Amino acid sequence: MALEVIEQPFNVDLYGYSGKVLNQNYAGTGKPLMDAMWSEIKSQGIKNKGINYWVYDKGEMLFTGVELEQDIPAGSKMQLKKIHLIKYVRWKHIGLYSQLKRAYDNMHA
């Protein structure tokens, strides 16, 4: 898939987890973060929109999150990440997590 430049605002509140990416291993970083997020969501029956977001941040940080359809339960360990963009680039990967490195390389190029 090609990069899409979206020139309209995008605002979303995501809940999930973040971590430092080592050696550009996004799949190796993101999959465990996402698994922890989904484990908490399922174990607590948290209603959500079901779309995974991976936010590539400064300093090789990666945030994996999802939009909730309810307030976050008390005691949740998930982090809130508010995304407010005027314009942005979107890359949608559909496929195996093991193919993320190749997809990232293609996106970056």
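Me: What relative accessibility does lysine 101 have, and which class does that give?
Reply: Happy to start there! In this predicted model, local features need pLDDT of at least 70 and side-chain atom pairs count only at pLDDT 80 or more, while totals for chains, interfaces and linings use all residues. Residues are numbered from 1 along each chain as its sequence is written, and side-chain values use heavy atoms, with hydrogens and water left out. Buried means under 20% relative accessible area, exposed over 50% and partly exposed in between (1.4 Å probe, protein chains only), so lysine 101 counts as partly exposed, at 39%.

Me: Which helix holds lysine 101, and what distance separates its C-alpha atom from that of glycine 28?
Reply: Lysine 101 lies in helix H2, residues 100-108; helices (H or I, at least four residues) and strands (E, at least two) are DSSP runs, numbered from the N terminus. Lysine 101 and glycine 28 are 73 residues apart along the chain, yet the separation of their C-alpha atoms is 9.5 Å.

Me: How many bridges join S2 to S4, and which residue is the partner of serine 18?
Reply: S2 covers residues 10-20 and S4 residues 61-66, and the two run antiparallel with 6 bridges between them. For serine 18, the bridge partner in S4 is phenylalanine 63.

Me: Which residue stands opposite aspartate 57 in S4?
Reply: S3 and S4 pair in the antiparallel sense over 5 bridges. Their hairpin has 3 residues between the strands, and glycine 59 there takes a positive phi near 70 degrees. Opposite aspartate 57 stands methionine 61.

Me: How many residues apart in sequence are lysine 82 and aspartate 13?
Reply: These two form a salt bridge, with their closest N and O atoms 3.4 Å apart. Aspartate 13 is partly exposed, with a relative accessible area of 33%. Because lysine 82 lies in S5 and aspartate 13 in S2, the pair ties together parts whose separation is 69 residues.

Me: How many salt bridges does a search of the whole structure find?
Reply: One of them joins aspartate 35 to lysine 31, the closest N and O atoms being 3.0 Å apart. Both residues lie in helix H1, 4 residues apart, about one turn of the helix. Aspartate 35 is partly exposed at 37%, as is lysine 31 at 29%. For the whole structure, the number of salt bridges found is 4.

Me: What is the relative accessibility of asparagine 23?
Reply: Asparagine 23 is found in the loop between S2 and H1, and has a positive phi of about 55 degrees although it is not a glycine. Glutamine 24 is found in the loop between S2 and H1 too, with a positive phi near 55 degrees and a partly exposed relative accessible area of 34%. Asparagine 23 counts as exposed, at 76%.

Me: What accessible area do Leu3, Val5 and Val89 have together?
Reply: Patches are made of residues with over 30% relative accessible area and no salt bridge, joining like charges within 9 Å and nonpolar side chains (Val, Leu, Ile, Met, Phe, Trp, Tyr) within 5 Å. Accessible areas come from the Shrake-Rupley method with a 1.4 Å probe; for residues, only the protein chains shown count as cover. Valine 89, in strand S6 (residues 88-90), is exposed at 52%. Together, Leu3, Val5 and Val89 form a nonpolar surface patch of about 270 Å².

Terms used. Two strands pair if DSSP finds at least two bridges between them. A salt bridge is a side-chain nitrogen of Lys or Arg within 4 Å of a carboxyl oxygen of Asp or Glu.
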